[in-house]
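These are my notebook entries on a single protein chain. I set out what I looked up, entry by entry.

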Amino acid sequence: MADKKYKTKQREELENYLRTIPEKHFTVQDICAHFREEGKNIGTTTVYRQLERLMEEGRVNKYILDESSSACFEYIESDGKCHHPSCYHMKCEKCGKLYHLDCHEIEDLTRHLEEHHGFKVDPFRTVFYGVCAECSGEADHCGDDCECHHH
């Protein structure tokens, strides 16, 4: 019975931390490092197990970007919905950062692919690779008429 209480406490601590980083991407290693810094001993296996349960409950999204990267996760607020109009992502090949891509033109492209090519794109698994504005030295790359919202 004590083991179950311990696991419940670990899940509570994990969820409390995840609530502080909504809509931010993280890896299991990031979570473990956070708890180590706080002096709490929560193992990698436990974090994976708890994240799997949260995914089953629809409270965490998992993104597998490529074979060489660790899986990325994102905590979803309690209503169980991603708060981005789309869940497309951009990954910088220089710094490794992952960004949400909220841009209506991507929706136009995916609609075109479906209507004209019979191909339905999965927004949860679509990642555009390139170099972010910060790494390319073009931090202020969008013009006044750009409707993109990336974070």
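**Entry 1: Helix α3**

I looked up the buried residues of α3 and found Thr46, Val47, Gln50, Leu51 and Leu54. I note here that the model is a predicted one. Next I asked how these buried residues are arranged around the axis of α3. Seen down that axis, they fall within an arc of 130 degrees, so they line one face of the helix. An α-helix has 3.6 residues a turn, so residues three or four places apart point the same way. On the other side of α3, I found Thr45 and Glu56 to be exposed.

I then checked the length of α3, which covers residues 44-56.

**Entry 2: Aromatic pairs**

How many aromatic pairs does the structure hold? I found two. Tyr17 and Phe35 form an edge-to-face pair, with 6.1 Å from centre to centre and 65 degrees between the planes. This pair links distant parts of the chain: Tyr17 belongs to helix α1 (residues 2-19) and Phe35 to helix α2 (residues 28-37), 18 residues apart. I noted that both Tyr17 and Phe35 are buried.

For the rings of Phe26 and Phe73, I recorded centres 6.0 Å apart and planes at 20 degrees. Planes under 30 degrees apart count as stacked, so the pair of Phe26 and Phe73 is stacked. Phe26 lies in strand β1 (residues 25-26) and Phe73 in strand β3 (residues 72-75), so this pair ties together parts that are 47 residues apart in sequence. I also looked up their accessibility: Phe26 is buried at a relative accessible area of 3%, and Phe73 is buried at 1%.

**Entry 3: Thr126**

I located Thr126 in the loop between α4 (104-117) and β6 (127-130). Is Thr126 buried or exposed? Its relative accessibility is 17%, and it counts as buried because the cut-off is under 20%. I then followed the side chain of Thr126, which reaches the backbone oxygen of Asp122 at 2.6 Å. Leaving aside residues up to four places away in sequence, I found that Thr126 touches Tyr88, His89 and Val121.

Note on methods
Residues numbered from 1 in each chain as written. Predicted model: local features only at pLDDT ≥ 70, side-chain atom pairs only at ≥ 80, totals over all residues. Heavy atoms only, no water. Phe/Tyr/Trp six-rings, centres within 6.5 Å; stacked < 30°, edge-to-face > 60°. Helix = DSSP H or I, 4+ residues; strand = E, 2+ residues; numbered from the N terminus. Buried < 20%, exposed > 50% of the residue type's maximum accessible area, 1.4 Å probe, protein only. Expected span 1.5 Å × (residues − 1). Arc of directions from axis to C-beta. Polar contact = N/O pair within 3.5 Å; in protein donor to acceptor, adjacent residues only side chain to side chain. Contact = heavy atoms within 4.5 Å.
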